[in-house]
Amino acid sequence: MRRRVTPAPARAGAAAAALVLAGAGALLGTAAGTAQAAEVSYATHCVPPAGVADPIDGTTKVEITAPATAKVGDTVDVTWKFVQAASKNPDIIDLPANTVQPSGTVKAAGAQTADIAMQGPRENPAIPKGGDMVLSDMTGSLKLTSPGEVTLAPDAYTVNAYGTNTVCTPTATVEKAATIEVTGGGSSGSATPSGTTSASTPPSASSSPSGSASASTSASASASDGTGSGQTDFTGKEVDIPYACKTPIGDKSATSPVQINAKKDGGSFDLTVQFNGSVMDSPADIPADSVKPSMEVVLGGADKGTVHVEGPTNSSAIKSGDPIEIPDLTGTYKPGASGESTLSPGVLTVEALGTTTTCTPTKTEVSLTLDTTEQASGASGSTSTSGGSSSSSSGGLAETGDNSNGALKALGLVAGTAILLGGAVFTFMPKRRTR
């Protein structure tokens, strides 16, 4: 069962907060123990996007919050708070509010080992050139599988801004920041870390808002026997998804009909996502193999997390004024839970001519519902990348101190064709794809 734990203050009032949490645990009976937080500092090496500036070495200060005690079988929540990032915003561009998103990994060790995927919402105040990077809190979860002492320590993290990533990694051993005393029986096994992406709500209210998806209105399928017998093809419902798109030159909005279909393959499903109305005219001549789309399909119901699907690049050049279609996006969904699982369109990303446009649903809806059987190393809160190499939507923009305009190129703010494409790639036209 999932244990949602609110971090306790580390300074004045900690005792009072502990009493409140302890009282809540007593009322719930089986609740995880009082939250405990500790701050650690570690030397960090940050590598900005290619062409932006040289790498930088700095100090990261992190506070990790987790329950002090729990039982085998519990799923506990872990929170990563940035006290200090190892970077500042380069003296190149101002970063507007809600344009920076962190993600990272917490290392679990001791009674069980795991890499816990952490992610924060794309929420930040406006950050001026040279200003301190203000990063949102990241959250993740861990299913406890073995009794004993489980330690938690922060590890590498990335910060994403305008489609560019800076990766920051420790350069020395990081001290443990929290310890969970796990009680109860159960056989030993590897930990099951869970990602932070919610099945019904993407990570950020500002960058990934979504409405509640109604499974009752989606296409439904029965595929729970896990043997490959019976029905194997499942057709989803076409749903109109409004997108808020962040391009290298500004914000855009668009709505497109999207449909998710599945084909059963053993215990997994081969997914195909179709953009039935995403046809647009090219604002410039586009070379072959220069436009590549991908999406994170959001899981709900019994399962949690996302499934990465992607399409091929354009096979031939596209002339200015000719229509651009989003090809079918494909990937593999390996269920991480048994029961009725829903699939909804999520964040759509298009890379073109060195630019990245990210489109987040302002409201989403279930397109397909499947009866699933849990598979080893299935989703269950994590992000599946079996459909292809995942296009990272999270990463880092570390301080570089470099005043060169290389970052402008990295952010897709130069090259006239790239600017035009970045601004128009998701200007959906009401023309329907001919199949």
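This is a predicted model: local features need pLDDT of at least 70, side-chain atom pairs count only at pLDDT 80 or more; totals for chains, interfaces and linings use all residues.
## Overall architecture

The protein chain contains three helices and 27 strands. It has 435 residues, of which 49% count as buried. The accessible surface amounts to about 17700 Å², and carbon and sulfur atoms contribute 52% of that area.

Among contacts in the protein chain with a separation of 6 or more, 76% are between residues 24 or more positions apart.

In soluble globular proteins, nonpolar side chains tend to be buried together. The largest nonpolar core in this model has 41 residues, and the members that touch the most others are I64, W80, L152, Y157 and I180. At least two residues of this core come from each of the strands β2 (35-47), β3 (56-67), β5 (75-84), β6 (100-110), β7 (114-119), β8 (138-143), β9 (148-161) and β11 (178-183). Strand β9 supplies the largest share, six residues. Another core lies apart from this one; it has 31 residues, including I260, F269, V273 and I286.

The surroundings of L152 can be listed in detail. When neighbours within four places in sequence are set aside, L152 is in contact with I64, A66, V78, V106, K107, A108, I116, K176, A177, A178 and I180. Two of these partners, I64 and I180, are also named with L152 among the core residues that touch the most other members.

## Aromatic pairs and a charge over a ring

The whole structure holds six aromatic pairs. In one of them, the ring centres of W80 and F82 are 5.5 Å apart; their planes meet at 50°, so this pair is classed as tilted. W80 counts as buried because its relative accessibility is 0%, and buried means under 20%. F82 has a relative accessible area of 10% and is likewise buried.

F82 also pairs with Y157, in an edge-to-face arrangement with 5.1 Å from centre to centre and 70° between the planes. This pair joins distant parts of the chain, since F82 belongs to strand β5 and Y157 to strand β9, 75 residues apart. F82 and Y157 are both buried. Through these ring pairs, W80, F82 and Y157 are linked into a cluster.

K264 lies over the face of F269, at 5.9 Å from the ring centre. F269 is one of the residues of the 31-residue core.

Most residues other than glycine have a negative phi. N98 is located in the loop between β5 and β6. Its relative accessibility is 28%, so N98 counts as partly exposed.

S377 is a second residue other than glycine with a positive phi, near 60°. S377 sits in the loop between β26 (368-372) and β27 (383-384). With a relative accessibility of 72%, S377 counts as exposed, because the cut-off for that class is over 50%.

Conventions: Residues are numbered from 1 along each chain as its sequence is written. Side-chain values use heavy atoms; hydrogens and water are left out. Helices (H or I, at least four residues) and strands (E, at least two) are DSSP runs, numbered from the N terminus. Buried means under 20% relative accessible area, exposed over 50%, partly exposed in between (1.4 Å probe, protein chains only). Contact means heavy atoms within 4.5 Å. Accessible areas come from the Shrake-Rupley method with a 1.4 Å probe; for residues, only the protein chains shown count as cover. A nonpolar core is a set of buried Ala, Val, Leu, Ile, Met, Phe, Trp, Tyr and Cys residues joined through side-chain atoms within 4.5 Å. Rings of Phe, Tyr and Trp (its six-membered ring) pair if their centres lie within 6.5 Å; planes under 30 degrees apart count as stacked, over 60 as edge-to-face and the rest as tilted. A charge sits over a ring if NZ of Lys or CZ of Arg is within 6 Å of the ring centre and within 35 degrees of the ring normal.
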